[in-house]
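Work through the exercises below with the structure open. Try each task before reading its solution.

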Amino acid sequence: MTTTIVTEDEERASLLRDSANYPSGKLSKVARTFTPSPIQELSLLAQRSNAINLAEGFPDFPAPPHIKNAAVSAINFDFNQYRHVQGICDLLSRKMKDKHGLNVDPSTDIAICCGQTEAFAAAVFSIIDRGDEVVLFDPCYETYEGCITMAGGVPVYVALDPPHWTLDPDRFMKAFTSRTKAVVLNSPHNPTGKVFTRDELEIIAGACCTWDCLAITDEVYEHIAFDDEKHISLASLPNMQEKTIITSSISKTFSVTGWRIGWAIAPALIASAIRNIHVKVTDSAPAPFQEAALTALSSPPEFYQSLKIEYESKRNYIVELLAEIGFQIEFKPKGSFFLFAKLPDQCALSDVEYVRELINQAGVVAVPGCGFFHTKVSYEKPSLEDRSYKGRYIRFAFCKSIETLTAAAEKLRRLYRTKWYLGLQ
Ligand SMILES: Cc1ncc(COP(=O)(O)O)c(C=O)c1O
């Protein structure tokens, strides 16, 4: 799942309009808390204007042929029924040993789910009770909060400090109480491209040990880290494997976000609870794509190397482009495939206004940063009294073909020459 900007169609627009006339009392309390955001409105606008999509976090180029062939063969072999492919767990267990030195029992410690999204939701439902507090970072990927509140949990946000999105240890430690049940960590990070350093991971691990709480990690960008940056799993730190639920998927590494294959890796008791919830909610992940995941997860080291090289060059391209057209690039992404760029100081528009104009005037769509920030952040830097920085960021996704990036660049450069973004028009 990702921030939806373009895929909403006209039918959905009319549904949203109609829902205004339907008695909301028919809906559950939880459903009523999920209301359309300004981002959804922009998504309809982008759809209508057929804008070039630098908003959504999924590739617009083909998936690797070796895994597509595996999926086609699986369908031709009639893998059409409910299925659990144990081979995925066996491969993941070996990978965890090789990459992170972790001993993971493939028969008890892994639950295959429908993407990281379901793995995360099942993980939350397996450990969170009403009133339990869950520590999260601000900004963060937008789906975590919904799952936590549906489970009755209370999100407690700790701000990462711009421009480098650093973790302040003192403020972070203050967020923990006897009610804290878990901390959520996403590294490499959406939307900023931050990769948490070992020192920061040690601070997070220290808090989990001091407060005896769990960590849920989201490692979907584990193979997309740039320069000399290395992804470190929090579970690999001393005493953390027994406290960590790792969630990840094949979505981003293999450019197949629609195949819906992911997993949770956790101590046996928790993994079993996650499996039970998964079975109740979806029964099993799509059978042919589980088969194809076996091929994906057996890809040679060269596959991962070229993935990194290609994304690194796209990252450099978009960083240079946005710097050239006046954005402030204070932090170059170290991982994931997003650039969280700051609007020029002279720009009079807010992030939402900017994206609206970007769609209307350039035919390009990106995501206003406000979608990733939270209004009720419990722990912020006292000196950052001016919280308006939260309305100054735009997230650009660079998981796009070079043709898409070049076409977007042309449009953005043309628009830049008009200086409209400074509010001078
Ligand atoms: C940080 C993060 N986690 C999870 C997901 C979704 O992963 P999946 O497709 O495996 O459900 C996304 C998709 O944008 C993401 O950015």
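Predicted model: local features only at pLDDT ≥ 70, side-chain atom pairs only at ≥ 80, totals over all residues.

**Exercise 1.** Find how the chain is divided into domains, and describe the side of domain 1 that touches domain 2.

Solution. 
- Start with the bounds. Domain 1 takes in 5-62, 303-376 and 387-422, and domain 2 covers 65-298.
- Next, the spacing. The centres of the two domains, taken over C-alpha atoms, are 25 Å apart.
- Count the contact. Domain 1 contributes 31 residues, and domain 2 contributes 31 residues.
- Now the elements. On the domain 1 side, helix H2 (29-33), helix H12 (301-324) and strand E9 (338-342) each give two or more residues. H12 gives the most, with six.
- Finish with class. This side of domain 1 has 17 nonpolar, seven polar and seven charged residues.

**Exercise 2.** Describe how helices H4 and H11 cross, and list the residues that meet.

Solution. 
- Locate the helices. H4 is residues 65-76, and H11 is residues 287-297.
- Take the geometry. Their axes come within 8 Å and cross at roughly 145 degrees. The crossing is right-handed.
- List the partners. His66, Ile67, Ala70, Ala71, Ala74 and Ile75 of H4 meet Pro288, Phe289, Glu291, Ala292, Thr295 and Ala296 of H11.
- Sort them. Nine are nonpolar, two polar and one charged.

**Exercise 3.** Which residues come nearest to the ligand, and which helix gives the largest share of the shell?

Solution. 
- Begin with the shell. There are 15 residues around the ligand.
- Pick the nearest. These are Gly115, Gln116, Thr117, Ser249 and Ser251.
- Find the helix. H6 (residues 115-127) supplies the largest share, three residues.
- Sort by class. The shell has eleven polar, three nonpolar and one charged residues.

Definitions and conventions:
Residues numbered from 1 in each chain as written. Axes fitted to C-alpha atoms, helices over the stretch in contact; angles between N-to-C directions. Helix = DSSP H or I, 4+ residues; strand = E, 2+ residues; numbered from the N terminus. Left-handed = near helix turned anticlockwise from the far one by under 90°. Contact = placed C-beta atoms within 7 Å. Nonpolar A, V, L, I, M, F, W, Y, C, P; charged D, E, K, R; others polar. Near = placed C-beta within 6 Å. Domains from an automatic or database assignment.
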